[in-house]
Amino acid sequence: MKNYSGVMVFVEQKNKEIHRVSYELLGKARELADQINEEVVCCLCGPSEIDANELIYRGADKVFHVQDEEIFGNPEVMTYVENIVKIIEEKKPEICLFGATSFGRSIAPRVAATLKCGLTADCTGLAIDEEDMKLVQIRPAFSENILAHIKSQYLPQMATVRYKEFDEAKRDESKTGEIINFSSVKIKNNPIEVLEEITEEVFNITDARVVVSAGKGLKSPEDFKMIEELAAVLGGVVGSSRPLVEDGFISKAHQVGYSGNRVKPNLYIACGISGAPQHQAGMKEADMILAINSDPSAPIFNIADYGIVGDIYEIVPQMIEKIKNKKA
Ligand SMILES: Cc1cc2nc3c(=O)[nH]c(=O)nc-3n(C[C@H](O)[C@H](O)[C@H](O)COP(=O)(O)OP(=O)(O)OC[C@H]3O[C@@H](n4cnc5c(N)ncnc54)[C@H](O)[C@@H]3O)c2cc1C
């Protein structure tokens, strides 16, 4: 059955820039490939100007570069799917990894459905079972209460992996590999036509180095001003727990957690947040967590590096003042 071999990473690019999730996948792919003694290959769909060597420096042995300025210039999903499916059918990788970004999440299920194989979405861990050498795809289930370990019955074994779950692959310019160019396939009678791409400044919490989040301890939407001010003096951005988003205090783009954004800042300040597992799912990987809560038994203190038991309406203004004074 096994004429499949190699761990393939789908490389996400926009405007010729490679998304960081691809480097995170490459780091993990290298680890898995070394365990099963196979190659790491990349599937890169994009214009020729993208430097495919960068993927080799980050651990790929081969890059299948499907070059086309025109058709990969816009994020038209069906064209990507067609080209990725063609590469997979031809090269038969044993494992295929996609980033669980919004683009990766639109591509991967369509690729899996076309190839009639399984897909484990939103993995937070990947490992090789030493007994059967199969990919173990680990992801939270039942509102993050258990970690499911899933194995695919079919090849290729396919998964999407959450952004910021793994460290980026280290760069080594002495590493060599092979870049193989492919010509693109155009879809006949494509029902989708991109007329115009409307880009707007999108709030991006996932890359922030400091996130100051508020929870139900905040009494009114206006009170977000003090959270914004604390974030501003620290050079950070504002986050929120889900109930405040549901109450219309702030937009969903700010929500941190299982059904919101996953953040990994240097500093996460949780103001009036109890620390439910679904909130922790989005922030527990922060380098440092400071929690401010009036209830000393709040679960957030179990994962916090520093905790202040007190009222956010007293503590936050004091913090702002102290930081401002220190800067003056
Ligand atoms: C499928 C599913 C997905 C979910 N996804 C998410 C998600 O993505 N993100 C998310 O956040 N939640 C999510 N939730 C909801 C989650 O279970 C919790 O209900 C939510 O995180 C609680 O938000 P909170 O901590 O702001 O509110 P609460 O749990 O009500 O906590 C408020 C805290 O504020 C403290 N407090 C009150 N007043 C003050 C004050 N003046 N000063 C200091 N402290 C004060 C209280 O002691 C309390 O600990 C999800 C739930 C489900 C079922």
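This is a predicted model: local features need pLDDT of at least 70, side-chain atom pairs count only at pLDDT 80 or more; totals for chains, interfaces and linings use all residues.
**Entry 1**

I number residues from 1 along each chain as its sequence is written.

H3 covers residues 77–91 and H4 residues 102–115; I find them packed at an angle of about 50°, with axes 9 Å apart. Axes here are lines fitted to C-alpha atoms, over the stretch in contact for helices, and angles run from 0 to 180 degrees between N-to-C directions. Helices are DSSP runs of H or I with at least four residues, strands are E runs with at least two, and both are numbered from the N terminus.

The crossing of H3 and H4 is right-handed, meaning that the near helix is turned clockwise from the far one by less than a right angle, with anticlockwise giving left-handed. On the H3 side I listed Val77, Tyr80, Val81, Ile84, Val85 and Ile88, and on the H4 side Ser106, Ile107, Arg110, Val111, Thr114 and Leu115. Contact means C-beta atoms, placed from the backbone, within 7 Å. By class, this contact has nine nonpolar, two polar and one charged residues. Ala, Val, Leu, Ile, Met, Phe, Trp, Tyr, Cys and Pro count as nonpolar, Asp, Glu, Lys and Arg as charged, and the others, Gly among them, as polar.

**Entry 2: Val81**

Leaving aside neighbours within four places in sequence, I see Val81 in contact with Ile107, Arg110, Val111 and Thr114. Val81 and Ala108 sit 27 residues apart in sequence, yet 8.0 Å apart in space, C-alpha to C-alpha.

**Entry 3: the cores**

Next I looked up the largest nonpolar core, which has 51 residues; Cys42, Cys43, Leu44, Ile84 and Leu97 touch the most other members. Such a core is a set of buried Ala, Val, Leu, Ile, Met, Phe, Trp, Tyr and Cys residues joined through C-beta atoms within 7 Å. Not counting residues up to four places away in sequence, Cys43 touches Met8, Phe10, Val11, Phe64, Ile84 and Ile87. A second, separate core of 34 residues includes Ala208, Leu218, Tyr268 and Met283.

Most residues other than glycine have a negative phi, and most peptide bonds are trans. I noted Asn37, not a glycine, with a positive phi of about 60°. Asn37 lies in the loop between H1 (20–36) and S4 (40–46) and is exposed, with 8 other C-beta atoms within 10 Å. Lys92 also has a positive phi, of about 50°; I found Lys92 in the loop between H3 and S6 (95–99), partly exposed with 15 C-beta neighbours inside 10 Å.

Which residues does a cis peptide bond join? They are Leu155 and Pro156, with omega about -5°. Pro156 is in the loop between S10 (146–150) and S11 (157–161).

**Entry 4: H5 against H9**

Last, I checked H5 (residues 224–233) and H9 (residues 312–327), which pack at about 30° with axes 10 Å apart. H5 and H9 are therefore roughly parallel, and their crossing is left-handed.

How values were computed:
Two residues are in contact if their C-beta atoms, placed from the backbone, lie within 7 Å. A residue is buried if 20 or more other C-beta atoms lie within 10 Å of its own, exposed if 12 or fewer, and partly exposed in between; C-beta atoms are placed from the backbone. Angles under 35 degrees count as roughly parallel, over 145 as roughly antiparallel, 65 to 115 as roughly perpendicular and the rest as oblique.
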